[in-house]
Amino acid sequence: MADNSPAQVGDFISDNLTYMDALAAAQEQIFVAMDMATAGTAADLDLAQVVALFDASASLYDMQAEVERVLAACAGEDKPRDGEDKPCGGEDKPRLWQLAYPYLAVEVDRRYARRDLLEQAWPQIQGIAGELAQADAPTLAKMFAAGDGEFYALALAYAALGTCDEAAQRLGRSTDEIDRAIEGLYKRIHERCANDDGSFGEGTAASYAFASALGLGDPREMAARLSELVRSEGADADAMATAYAFGVLNRYGHDDVAEDWLLAGAQPSAIQWLVEGPGGLRLADDAVAANHFVVRPYFSAQTDSVTRSYKTPRGQLFLTWERTERGIALTMMVPAGTQVDLWLDGALQVIPADPDPITQAFLVEA
């Protein structure tokens with residue numbers, strides 16, 4: 001790695017060598033996301049890759065500097081607009097700066113103590129929300145997709161508006177106009193893209209992943225259909241859809257399917273499943289500077305021990321579990337000022353933020 005490579009802030013270790021090989025292979029690919037702003041202008045960035053690989057990258061590396069460079073590039077006068085000869089990411093790729101810009105600004109507030117970047121980005125985010133609110137369906141399809149289907153495009157537009165709304169909430173700004181736009185787009189998606197069987201678009205893995213993750217259909221039902229499709233047919237999805245799909249499979253209890261997909265050679269966003277499934281640590285949606293985690297380890301039969309660590313702005317969060325004769329022995333160290341929602345055996349135990357670091361041990365009986 002070059003001297004200016006991001007510092008490593010997380011780790012995942014398992015006695016399953018296939019896991020570790022998959023992790024190493026994926027790490028080589030996510031360096032694309034770490035080098036995402038070096039070309040200098042927004043038109044040179046592959047923002048689909050930036051968004052798709054950000055969670056996987058940030059779970060292991062400090063991405064603050066990279067995010068700051070991308071936000072600066074996408075805030076300039078050279079940012080891609082409809083009708084330009086070279087849209088962001090190239091001629092045949094979606095124009096995703098309207099999603100990437102608010103998404104990265106929110107993520108830098110969610111993960112790091114960098115509220116300043118979100119505040120600097122707010123005027124542009126507000127402008128993006130207004131632009132999306134006024135656009136008709138064909139315009140949104142042109143902004144967000146190139147031959148990937150109308151539902152794919154409108155779902156990403158819906159995700160972009162939702163991220164703009166989250167930015168407003170985090171900054172205490174009014175969300176009335178954005179909420180109305182979200183409601184209108186929700187209705188438009190159902191009118192244009194919903195099928196009689198409850199699916200959307202062409203009923204692909206991508207469509208089920210988007211519908212579940214964005215709440216466009218019943219999240220659990222959409223996740224179950226995604227699981228069935230991946231199990232029976234595999235999934236030939238792009239990087240963006242794959243990132244959504246792994247998150248959905250993990251959140252709704254289909255880790256066994258995600259695991260088989262990973263071991264079959266899935267894309268680098270599978271790192272996110274390793275660190276959130278067997279690794280057990282998922283940053284909560286409402287976190288600010290990584291102050292809230294959901295811990296729900298998947299005790300896979302494919303491994304007998306897992307260690308996962310992540311450096312937050314307040315210190316190291318550490319989780320390890322090991323299979324023993326009595327059951328699963330789990331130990332967790334939580335930094336000061338960090339809340340953990342721990343799920344074990346289907347029961348929730350909230351570990352509230354404490355002024356001091358704490359260590360707790362648990363036994364999940366066999």
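Start by selecting M332 and Q360: M332 stands opposite Q360, which sits in strand β9. Keep in mind that you're looking at a predicted model.

Now widen the selection to the strands around that spot. Pick β6 (residues 327-334) and β9 (residues 358-365). These two run antiparallel, and 8 bridges join them.

Follow the chain from β5 to β6 and you'll pass through a hairpin of 3 residues. While you're there, click R323: its bridge partner in β6 is I328.

Jump to R114, in the loop between α4 (97-111) and α5 (115-134). Is R114 buried or exposed? It counts as buried, because its relative accessibility is 18% and the cut-off for buried is under 20%. To see what R114 touches beyond its neighbours within four places in sequence, select Q64, E68 and V108.

Last stop: colour everything by pLDDT. The protein's mean is 87, and 87% of its residues reach 70 or more. Among the elements, strand β3 (residues 292-295) has the highest mean, 98, while helix α1 (residues 17-34) has the lowest, 78. Then select residues 81-94, where pLDDT stays under 50. For that stretch the model has 37 contacts beyond four places in sequence.

Terms used
Residues are numbered from 1 along each chain as its sequence is written. This is a predicted model: local features need pLDDT of at least 70, side-chain atom pairs count only at pLDDT 80 or more; totals for chains, interfaces and linings use all residues. Side-chain values use heavy atoms; hydrogens and water are left out. pLDDT is the predictor's confidence in each residue, from 0 to 100. Helices (H or I, at least four residues) and strands (E, at least two) are DSSP runs, numbered from the N terminus. Contact means heavy atoms within 4.5 Å. Two strands pair if DSSP finds at least two bridges between them. Buried means under 20% relative accessible area, exposed over 50%, partly exposed in between (1.4 Å probe, protein chains only).
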